[in-house]
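Work through the exercises below with the model open. Try each task before reading its solution.

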Amino acid sequence: MGIRCWRNPLLLLIALVLSAKLGHFQRWEGFQEKPMSKKNMNSTLNFFIQSYNNASNDTYLYRVQKLIRSQMQLTTGVEYIVTVKIGRTKCKRNDTINSSCPLQSKKLRKSLICESLIYTVPWINYFQLWNNSCLEAEHVTRNLG
């Protein structure tokens, strides 16, 4: 009876080891440079800029000017690290939100480069901003050049 108790867990362990060796488990390979689908990109970037504008104390709204880089990792959903350039628009916070607000010019112009970690479960339209940091674009390009 004592040997019988150990037999099933031991067989299970052997089966797990063999499966892992034969590659039957999907490996989590970390973040990959893969382009986002247009649908996922639009919804992820819309979520990001809404989150940014809600958290910002700026009088004016910002909009995404350019997606610079995107990386993805599959987990229980999809994690994206996105680097975007955003710009201050002429639309104020209390204005009707309009994705085609023109960018500020001259004195009020401001651009930021933001890197964000966004978790999403796209098939249920769930998004969460896990981390975000932004620097003025002028500082970023000056330090790179």
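**Exercise 1. Decide which element has the lowest mean pLDDT and which the highest.**

Step 1. This is a predicted model, in which local features need pLDDT of at least 70, side-chain atom pairs count only at pLDDT 80 or more, and totals for chains, interfaces and linings use all residues. Residues are numbered from 1 along each chain as its sequence is written, and side-chain values use heavy atoms, with hydrogens and water left out.

Step 2. pLDDT is the predictor's confidence in each residue, from 0 to 100. The protein chain averages 81, and 73% of the residues score at least 70.

Step 3. Helix α1 (residues 2-22) has the lowest mean, 56. Strand β3 (residues 111-121) has the highest, 95. Where pLDDT is low, the predicted coordinates should not be read in detail.

**Exercise 2. Locate the salt bridges and say what they link.**

Step 1. The criterion is a side-chain nitrogen of Lys or Arg within 4 Å of a carboxyl oxygen of Asp or Glu. The whole structure has two such bridges.

Step 2. E33 and R69 form a salt bridge at 2.5 Å, N to O. E33 sits in the loop between α1 and α2 (38-55), R69 in strand β1 (residues 60-74), and they are 36 residues apart. R69 is partly exposed, at 38% relative accessibility.

Step 3. D58 bridges to R88, with the closest N and O atoms 2.8 Å apart. D58 lies in the loop between α2 and β1 and R88 in strand β2 (residues 78-92), so the bridge ties together parts 30 residues apart in sequence. Both D58 and R88 are buried.

**Exercise 3. Sort two aromatic pairs by geometry.**

Step 1. Rings of Phe, Tyr and Trp (its six-membered ring) pair if their centres lie within 6.5 Å; planes under 30 degrees apart count as stacked, over 60 as edge-to-face and the rest as tilted. The structure holds five aromatic pairs.

Step 2. F47 and F127 are stacked: 5.3 Å centre to centre, 20 degrees between the planes. F47 is in helix α2 and F127 in strand β4, so this pair ties together parts 80 residues apart in sequence. F47 and F127 are both buried.

Step 3. Y52 and Y62 are edge-to-face, at 5.4 Å and 75 degrees. Y52 belongs to helix α2 and Y62 to strand β1, 10 residues apart. Both Y52 and Y62 are buried. With F48, they form one aromatic cluster.

Key: Helices (H or I, at least four residues) and strands (E, at least two) are DSSP runs, numbered from the N terminus. Buried means under 20% relative accessible area, exposed over 50%, partly exposed in between (1.4 Å probe, protein chains only).
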